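Reader: I'm new to this one. Can you walk me through it?
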Amino acid sequence: MIEKLFKENQPRELATAIDEFCIAALTEGYAWRQGSPANALQLGKNIELLMEIAWLLHPKRDKNLIKKLPYQLQLSTNLLPMPLNAAEYWQPELFLSRFFQYQSLLQWKQLLICFTENAIGSGSVAEELHSPELLNFNLYLKKLVYAVYCLGLGERDN
């Protein structure tokens, strides 16, 4: 599933699409400019798939998640710029734990529905949600793209 998700959308492209999706959801009036509304719905489905993959990958038990990290943490240059910091890049499962500590899978999906409805509608998600949720939705999703990509495809080994 991870390969299928990233086959059509590289992490950087998916993160940019998430930005556009969030901007359309925040804008009063119809603001989706990336083709038909069906494109926004498909993006919403891809984001939901990303969340579900992350749910399956994230460590649910009390495991010792801390691995011995390289002395000098470096990010893969072919993925830059990316929202993950070096520690999250090398241990993306730590970010997945943080992602699901912030909101449950159900809560993330509810936020996604709210954003999707507003991205293809004429309202603004800002009327329904508070500022921290608006900002964190975007930031956490972009980080999730890279964390799942790193876990699923082993990019950290390159």
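Author: Here is a short tour of helix packing and a pocket. This is a predicted model, in which local features need pLDDT of at least 70 and side-chain atom pairs count only at pLDDT 80 or more, while totals for chains, interfaces and linings use all residues. Residues are numbered from 1 along each chain as its sequence is written, and side-chain values use heavy atoms, with hydrogens and water left out.

Reader: Okay. At what angle do α2 and α3 pack?
Author: About 120 degrees, with axes 11 Å apart. α2 covers residues 11–26 and α3 covers residues 37–57. Helices here are DSSP runs (H or I, at least four residues), numbered from the N terminus. Axes are lines fitted to C-alpha atoms over the stretch in contact, and angles run from 0 to 180 degrees between N-to-C directions.

Reader: What does that make α2 relative to α3?
Author: Oblique. Angles under 35 degrees count as roughly parallel, over 145 as roughly antiparallel, 65 to 115 as roughly perpendicular, and the rest as oblique.

Reader: Which residues meet there?
Author: Leu14, Ala17, Ile18 and Phe21 in α2 meet Ala40, Leu43 and Ile47 in α3. Contact means heavy atoms within 4.5 Å. By class, this contact has 7 nonpolar residues, no polar and no charged. Nonpolar means Ala, Val, Leu, Ile, Met, Phe, Trp, Tyr, Cys and Pro; charged means Asp, Glu, Lys and Arg; the others, Gly among them, are polar.

Reader: How does α2 pack with α6?
Author: At about 70 degrees, with axes 7 Å apart. α6 is residues 105–120. The two are therefore roughly perpendicular. Phe21 and Cys22 are among the α2 residues in this contact, and Leu112 and Phe115 are among those from α6.

Reader: And what about α3 with α6?
Author: Their angle is about 170 degrees, and the axes are 10 Å apart. So α3 and α6 are roughly antiparallel. The contact includes Trp55 of α3 and Trp108 of α6. It has 10 nonpolar, 2 polar and 3 charged residues.

Reader: New topic. What is the volume of the largest pocket?
Author: About 250 Å³.

Reader: What lines the largest pocket?
Author: There are 13 lining residues, and Leu5, Glu8, Asn9, Gln42 and Asn46 lie nearest the centre. α1 (2–8), α2 and α3 each give two or more residues.

Reader: Which helix gives the most to that lining?
Author: α3, with 5 residues.

Reader: How do the lining residues divide by class?
Author: Into 6 nonpolar, 4 polar and 3 charged.

Note on methods. 1 Å grid on protein atoms, 1.4 Å probe; cavity = no way out; pocket = protein on both sides within 12 Å on 5 of 7 lines; lining within 4 Å. Points joined across faces, edges and corners; volume = space filled by probe spheres on them.
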